[in-house]
Structures are given as C-alpha cells and as structure tokens.
Amino acid sequence: MGTCSSCFVLVSIGSAGASCIGFYLPYWIKGVISGPNEPSPLKTFFSTFRRCNFPQLSADQTDIVIERECGRYSSFSDIPSVWWQLATLVVGFGSALTLFAAVMSFLACWINDMWTRLFIRGLGLLHLGAGLLITLGLLLHPLGWDAPEVTQACVSSSKYHLGSCHLYWCYFILIAAVTGELLLFITSLKMEPLVASRSNYKERYADYEYAQDV
C-alpha cells in the first residue's frame with residue numbers, strides 16, 4: 001500500500017503541475033501577426049485569458065504598435081469570446097481541484113491512517129471532476145477561434161478550424177493533465193479494496209491483541 005500510495009501522490013502532483021502550467025501560460029495557439037511599423041511578421045500566442053505579442057494604440061494614440069510582451073486581458077469582459085470566458089472558468093476551477101487533490105494526497109503521507117476508503121473515494125471524485133472540467137474547457141476553446149483577434153493572426157480561422165495557426169504545447173500539456181486525472185480516478189477505484197482489506201486486518205489484529213491481554 002505504501003508504494004501504491006506514493007505513486008498516486010507523485011502522479012497527482014505531476015498532473016496538478018501540468019494543469020496549472022497549461023492553464024496560466026499563454027501558449028495554447030501559435031500564430032503570426034504583422035504591424036504597420038514592423039519589418040517582419042511576429043509570432044503571437046493565445047490562451048483563454050492571456051496573450052503574447054499583441055497590437056495596441058501607441059502612447060500618442062495615433063498609430064498601432066505591437067507590444068512584444070505577454071499579459072492578460074485587462075478585464076474578464078475583454079476576453080474576445082464568451083466561449084473563452086467559459087473555458088477560463090472551467091479550466092481554472094479544474095486546475096484548482098487538481099492542486100487541492102495533490103495537496104491533500106501529499107499531506108496524507110505524513111498523517112497516520114489518513115488513507116481510508118472514504119478518503120480514497122473522495123480523492124478519486126476530485127480527480128474525475130477536475131479531468132472532466134479541463135476537458136470541457138478544451139472543447140469550448142475552439143468555439144472562440146472565430147473571434148476577430150484570432151482571425152487577425154490565423155488566416156481563415158473559424159470554429160474548430162485554426163486556419164494558418166496551430167495548437168501549441170500548453171494545449172497538449174492540458175491533455176496530458178486530463179489523462180493523468182482520469183488515470184488517478186481509475187487507480188483510486190483499484191486502491192479502495194486494498195484499503196478496505198488493510199482496515200479489516202488491523203481490526204482483526206486489534207481484536208487478537210485484546211484477547212491476548214484478557
């Protein structure tokens with residue numbers, strides 16, 4: 001049980017790290033953008049609520065310049081698609097669940113008898129919920145590919161068609177995180193009988209010790 005729970009904790013921490021990195025970093029989509037004063041096109045990157053290398057008005061409000069930096073949209077309503085707004089919420093909440101489950105699993109390593117059947121079942125449900133939420137966010141995200149900011153960087157893009165752009169590494173990191181979460185859920189189902197049998201053994205051993213004392 002010790003080896004099994006240790007592997008469970010390590011996978012849980014790895015999956016939580018992958019989901020949080022994939023959620024926060026703006027490398028879901030890679031495209032190209034041009035500016036009137038740019039000698040050559042620049043790479044641009046999108047996630048649901050952050051972007052790298054984006055056009056905006058110059059300081060004197062007379063020209064459009066390309067900001068060569070990464071940042072989030074100034075407000076939630078500025079996110080260019082309602083589908084991306086929903087994806088931000090569900091992926092963010094799913095990532096929070098993975099982090100919470102990983103912390104609980106790690107703490108359980110230092111608390112005696114915390115790996116109970118109820119605890120394992122609760123962790124399994126957390127991982128299942130996190131995996132489903134992140135999956136929902138990944139499915140919602142392509143519905144916003146027809147937003148003006150995306151079509152500007154991705155020629156002929158539309159819902160579920162990226163045009164000249166392509167998916168980038170953070171999107172695949174989130175897919176890996178979903179795989180890890182579902183694997184943890186399945187593992188929790190396999191661990192429940194082990195925990196139950198260990199609990200029964202402890203009860204029988206305690207009864208034996210009591211009988212010996214009497």
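The structure is a predicted model, in which local features need pLDDT of at least 70 and side-chain atom pairs count only at pLDDT 80 or more, while totals for chains, interfaces and linings use all residues. Residues are numbered from 1 along each chain as its sequence is written, and side-chain values use heavy atoms, with hydrogens and water left out. A search of the whole structure finds two disulfides and ten aromatic pairs, and the count of salt bridges comes to two.

**Disulfides**

- A disulfide is taken here as a pair of cysteine sulfur atoms within 2.5 Å, and with bonded cysteines counted along the chain the pattern is 1-2, 3-4.
- Cys52 is joined to Cys70 with an S to S distance of 1.7 Å, and the torsion about this S-S bond is about 105 degrees, so the disulfide is right-handed.
- Because Cys52 lies in strand 3 (residues 50-57) and Cys70 in strand 4 (residues 64-72), this pair ties together parts that are 18 residues apart in sequence; helices (H or I, at least four residues) and strands (E, at least two) are DSSP runs, numbered from the N terminus.
- Cys52 counts as buried at 3% relative accessibility, whereas Cys70 is partly exposed with a relative accessible area of 37%; buried means under 20% relative accessible area, exposed over 50%, and partly exposed in between, with a 1.4 Å probe and protein chains only.
- Cys154 is joined to Cys165 with an S to S distance of 1.8 Å, and this link is left-handed, with -95 degrees about the S-S bond.
- Cys154 and Cys165 both lie in the loop between helix 4 (148-153) and strand 5 (166-167), so the pair ties together parts that are eleven residues apart in sequence.
- Cys154 is buried, and Cys165 is buried as well.

**Other cysteines**

- Cys20 counts as partly exposed, at 27% relative accessibility.
- Cys109 also counts as partly exposed, at 39% relative accessibility.

**Salt bridges**

- A salt bridge requires a side-chain nitrogen of Lys or Arg within 4 Å of a carboxyl oxygen of Asp or Glu, and Arg51 and Glu149 form such a contact through their side chains at 3.2 Å, N to O.
- Arg51 is buried, with a relative accessible area of 4%, whereas Glu149 counts as partly exposed at 26% relative accessibility.
- The side chains of Asp146 and Lys159 also meet in a salt bridge, at 2.6 Å, N to O.
- Asp146 lies in the loop between helix 3 (117-140) and helix 4, and Lys159 in the loop between helix 4 and strand 5, so this pair ties together parts that are 13 residues apart in sequence.
- Asp146 counts as partly exposed at 36% relative accessibility, and Lys159 is partly exposed with a relative accessible area of 41%.

**Aromatic contacts**

- Ring pairs link Tyr27, Phe45, Tyr168 and Trp169 into a cluster, where rings of Phe, Tyr and Trp (its six-membered ring) pair if their centres lie within 6.5 Å, and planes under 30 degrees apart count as stacked, over 60 as edge-to-face and the rest as tilted.
- The charged end of Arg50 sits over the ring of Tyr24, 4.3 Å from its centre; the rule asks for NZ of Lys or CZ of Arg within 6 Å of the ring centre and within 35 degrees of the ring normal.

- Ile13, Leu99, Val103, Phe106, Leu107, Trp110 and Ile111 make a nonpolar surface patch of about 680 Å², where patches consist of residues with over 30% relative accessible area and no salt bridge, like charges being joined within 9 Å and nonpolar side chains (Val, Leu, Ile, Met, Phe, Trp, Tyr) within 5 Å.
- Accessible areas come from the Shrake-Rupley method with a 1.4 Å probe, and for residues only the protein chains shown count as cover.
- Helix 2 (residues 82-108) contributes the largest share of the nonpolar patch, four residues.
- Ala87 lies in helix 2 and counts as buried at 0% relative accessibility.
- Ala87 and Leu133 are 46 residues apart in sequence and 9.0 Å apart in space, C-alpha to C-alpha.
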